[in-house]
Amino acid sequence: MHYSPTNWIDRGHGLIPALDLPTAEQVRDIVAATADVDGVVGYKLGPSTVLELGLPAALRLVGDLTDLPVVYDHQKAGLDIPSNADVFARTLAAHGVSAAIVFPLAGPTTAARFLTALQRTGVAALIGGQLPVADYTAAGGGWIADDVLDHITDIALEHGETQLIAPVGDRAEQVVARAAAVGVRPRLFVPGIGAGGDELRRLAPVVPRVAGLFPIVGRAVIAADDPAAAAARLAAELDTVVTTAGGIR
């Protein structure tokens, strides 16, 4: 099933399990266990499964088990030359990908080309630029500029993209603030959620200023002894955070 950028998630908040698993069987088991959990609203499909099966078969694997949308994570597409944006977007659209994660770290020209290419094909772009890794940016000893997420967020907003990715904490709040400065309440996608759910509680300050809140959850669900129970517990915690903060309107 193909979902347009305007309707591919119908709820204001929910979990997106990340299917970063080495085999098709493991992907099948996780989706079968969690697809009917209240609060699971989609899945992130990464290169492990796609490299094993190919993109069409990987999408069928998930689609045979659930109608929930699939976000394709090409290990942060966007670090490429601008001319490759069109073929990337057309390929995803041809196979019915609902949405794609884009980290356009190759610069402003690449960022603009990838965003417009995805817009033309109807694939929703989830835009980010920072991972929840301590030494990702220069301030932590990494190689990426500290303000890269600010620049990428601004370019996304200039192109009408309001589905943004940011880690928990100051970066999430800064992304939401930059969107608010231009009158936008973004749908925020948040990686790096641990099994304890502490990161979910730290999202409370952004709840009143976003149009949607979607934590992307990996090992906390897929490595759990009982993935369904883990997903249900985190979904309930997210519900509590959103409700306590006044809800998403």
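Let's start with one term: a residue counts as buried when its relative accessible area is under 20%. Keep that cut-off in mind. Also keep in mind that this is a predicted model.

First stop, Thr66. Is Thr66 buried or exposed? Its relative accessible area is 11%, so Thr66 is buried. Where does Thr66 sit? It is found in the loop between helix H3, residues 55–63, and strand S3, residues 70–77. Its side chain has a polar atom 3.0 Å from the backbone nitrogen of Leu68.

Next, strand S5. In a regular strand, side chains alternate between the two faces of the sheet. Now look at S5 itself. Ala124 and Leu126 point one way, Ala125 and Ile127 point the other way, and all are buried. The chain reaches S5 from S4 by way of H5, and this β-α-β crossover is right-handed. S4, residues 99–102, pairs with S5 in the parallel sense, over 4 bridges. Within that pairing, Ala100 stands opposite Ala125.

Now helix H6, residues 148–158. How many of its residues are buried? The count is 8 of 11, so the helix is mostly covered. Among them are Val148, Leu149 and Ile152. What do the buried residues pack against? They pack against helices H5 and H7 and strands S5 and S6. After H6 comes Gly160, with a positive phi near 80°.

On to the cores. The largest nonpolar core has 70 residues. Leu19, Ile127 and Leu213 are among those that touch the most other members. A second, separate core has 14 residues, including Ala124 and Ile165. Take Leu213 as one case. Setting aside residues up to four places away in sequence, Leu213 touches Gly12, Leu188 and Ile248, among others.

Last, aromatic pairs. The structure holds 2 of them. In one, the rings of Phe88 and Phe114 have centres 5.8 Å apart and planes at 50°, so this pair is tilted. Phe88 lies in helix H4 and Phe114 in helix H5, so the pair ties together parts 26 residues apart in sequence. Both Phe88 and Phe114 are buried.

Phe189 and Phe214 also pair, and this pair is stacked, at 5.1 Å centre to centre with 25° between the planes. Phe189 is in strand S7 and Phe214 in strand S8, 25 residues apart. Why does Phe189 count as buried? Because its relative accessibility is 0%. Phe214 is buried too, at 0%.

Conventions. Residues are numbered from 1 along each chain as its sequence is written. Side-chain values use heavy atoms; hydrogens and water are left out. Buried means under 20% relative accessible area, exposed over 50%, partly exposed in between (1.4 Å probe, protein chains only). Helices (H or I, at least four residues) and strands (E, at least two) are DSSP runs, numbered from the N terminus. Contact means heavy atoms within 4.5 Å. A polar contact is a pair of N or O atoms within 3.5 Å; within protein, one must be able to donate a hydrogen and the other to accept it, and residues adjacent in sequence count only if both atoms are side-chain atoms. Two strands pair if DSSP finds at least two bridges between them. A crossover is right-handed if, with the strands pointing away from the viewer, the path from the first strand over the helix to the second runs clockwise. A nonpolar core is a set of buried Ala, Val, Leu, Ile, Met, Phe, Trp, Tyr and Cys residues joined through side-chain atoms within 4.5 Å. Rings of Phe, Tyr and Trp (its six-membered ring) pair if their centres lie within 6.5 Å; planes under 30 degrees apart count as stacked, over 60 as edge-to-face and the rest as tilted.
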